[in-house]
Amino acid sequence: MIADRRVAVIGAGPAGLAAGKALRDAGVEVVLYERGDRPGGLWVRGAGLSPAYTSLHLNTSKGRTEFADFPMPRHWPDYPSADMVAGYLADYAERFGVVPHIRFRSTVASVARDGADGPWTVTTESGDAARYDAVVVANGHNWDPRWPDPAPPGDFAGVQTHAHGYRDAEAFRGRRVLVVGMGNSAMDIAVDASHVARGPVLLSARRGVHIVPKYLFGRPSDATGGALAVLPWRARQRVAETMLRLAVGRPQDYGLPAPAGGLFQNHPTISDTILHRLTHGEVEARPGVDRLDGDRVVFTDGTADPVDVIVWATGYRVSIPFLSRELTGGDPERLPLYKRVFHLDDPSLAFVGLMQSTGAALPIVEAQAKLAAAYFSGGYALPPPAERRRAVARALRAATARWGDRRPMMRVDFDQYVADLPREAKAGRARLARGAARPFTPTHREETPA
């Protein structure tokens with residue numbers, strides 16, 4: 001144990017658990033703060049702010065989703081359920097001794113540094129406070145629902161809800177349902193509702209996405225995409241789009257809007273069932289919502305339908321309420337981080353999971369956690385501040401060219417990024433070996449309690 005290093009991790013979902021394990025492996029004392037009563041975060045159905053619903057399954061295959069240090073059982077299906085993933089995360093936390101280091105039912109109210117060189121103080125909503133040499137933020141970003149802003153004009157006589165509150169389809173039985181959105185949750189909810197709703201479920205979207213089935217040519221579709229990872233992304237895009245058209249056609253063939261961007265640019269929706277329900281008339285496509293009119297919804301093409309329930313599957317805001325505006329720049333979606341991990345002004349503040357990937361999240365947070373742990377244990381050195389800033393600027397230019405203005409700062413290419421972080425760790429070890437950089441130096445803490 002490196003006795004003079006103590007790190008706080010905010011969150012005990014996949015990102016926080018990976019950070020806790022990596023820090024323990026590196027010999028660093030760690031404390032995890034978790035608002036729920038179990039490890040697993042948003043995958044734990046019925047716990048806290050979890051949006052997990054009964055029919056939720058992985059949209060990335062187990063082979064591309066599992067932690068490298070803890071493979072999922074071979075006998076599991078390729079796309080496990082949310083409950084299986086929650087159990088897997090609980091087993092991971094037990095297997096690697098993270099659970100005793102978690103403070104459950106501890107919602108963090110603030111994280112602040114005591115002066116420019118002082119320790120970090122983590123304070124919970126109950127008033128408990130403790131000091132740390134560094135902090136890893138791993139609170140996730142799929143828990144603060146994003147509603148339409150501005151909301152559509154008019155009044156609606158029915159019920160409006162967000163996908164975050166969806167649990168099962170019984171709430172839709174015998175009712176006329178409109179789902180707004182084209183993401184994975186929107187498709188799942190529309191399919192679920194189509195089995196119990198009154199009439200076809202309406203699926204509304206202003207812009208389209210690519211719809212990728214879970215299997216292509218007899219293999220999980222993301223494994224097929226992974227085989228192309230050696231190619232530049234534009235070449236991968238052309239090959240993958242051709243394969244997709246041959247396998248299932250275009251979204252327009254099913255009455256859906258054309259994708260707003262190419263594959264590997266905008267996040268695709270992974271679904272085998274939505275196309276089936278569309279072709280059977282159990283789900284019907286609609287354009288964007290123009291206005292609300294009593295018990296009807298009017299769409300941008302001038303058509304209108306009677307609706308009892310609107311489900312806004314419009315995503316989530318990135319929220320880090322315990323950090324000051326000074327630390328987040330006022331908008332966490334635009335927060336520049338070196339390698340999407342280290343705060344540019346103060347790398348003793350690190351982030352695991354504050355990204356949007358073209359693939360699964362778990363291998364990415366595992367790699368981020370190992371890089372952060374290497375730094376805080378003194379085994380990896382960062383490049384100089386000016387070099388870090390130049391690297392972030394280059395990454396942002398490349399991301400904007402590829403993804404446009406939709407969260408470019410957060411975007412990472414799954415295969416490229418997972419391969420890049422171990423290279424960065426090696427480069428940081430080399431900086432130390434040749435004396436070109438200094439390792440992380442813990443702050444002075446007079447005592448543990450604040």
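**Surface patch, then aromatic pairs**

Modeller: This is a predicted model. Start outside. Val-230, Leu-231 and Val-239 make up a nonpolar surface patch, with about 250 Å² of accessible area together. Val-230 sits in the loop between helix H5 (221–226) and helix H6 (233–248). Its relative accessibility is 77%, so Val-230 counts as exposed.

Now the rings. The structure holds 17 aromatic pairs. One of them joins Phe-70 and Phe-96, edge-to-face, at 5.8 Å centre to centre with 75° between the planes. Phe-70 is in the loop between helix H2 (62–65) and helix H3 (82–95), while Phe-96 is in the loop between H3 and strand E3 (102–103). The two are 26 residues apart, and the pair links distant parts of the chain. Both Phe-70 and Phe-96 are buried. A second pair is Tyr-375 with Phe-440: the ring centres are 5.3 Å apart and the planes are at 55°, so this pair is tilted. Tyr-375 belongs to helix H9 (residues 362–376) and Phe-440 to the segment after helix H11 (414–433), so the pair ties together parts 65 residues apart in sequence. Tyr-375 is buried, with a relative accessible area of 8%. Phe-440 counts as buried too, at 6% relative accessibility.

Back to Phe-70 and Phe-96. They also belong to one aromatic cluster, together with Phe-67, Trp-76, Tyr-88 and Tyr-92.

Notes
Residues are numbered from 1 along each chain as its sequence is written. This is a predicted model: local features need pLDDT of at least 70, side-chain atom pairs count only at pLDDT 80 or more; totals for chains, interfaces and linings use all residues. Side-chain values use heavy atoms; hydrogens and water are left out. Patches are made of residues with over 30% relative accessible area and no salt bridge: like charges are joined within 9 Å, nonpolar side chains (Val, Leu, Ile, Met, Phe, Trp, Tyr) within 5 Å. Accessible areas come from the Shrake-Rupley method with a 1.4 Å probe; for residues, only the protein chains shown count as cover. A salt bridge is a side-chain nitrogen of Lys or Arg within 4 Å of a carboxyl oxygen of Asp or Glu. Helices (H or I, at least four residues) and strands (E, at least two) are DSSP runs, numbered from the N terminus. Buried means under 20% relative accessible area, exposed over 50%, partly exposed in between (1.4 Å probe, protein chains only). Rings of Phe, Tyr and Trp (its six-membered ring) pair if their centres lie within 6.5 Å; planes under 30 degrees apart count as stacked, over 60 as edge-to-face and the rest as tilted.
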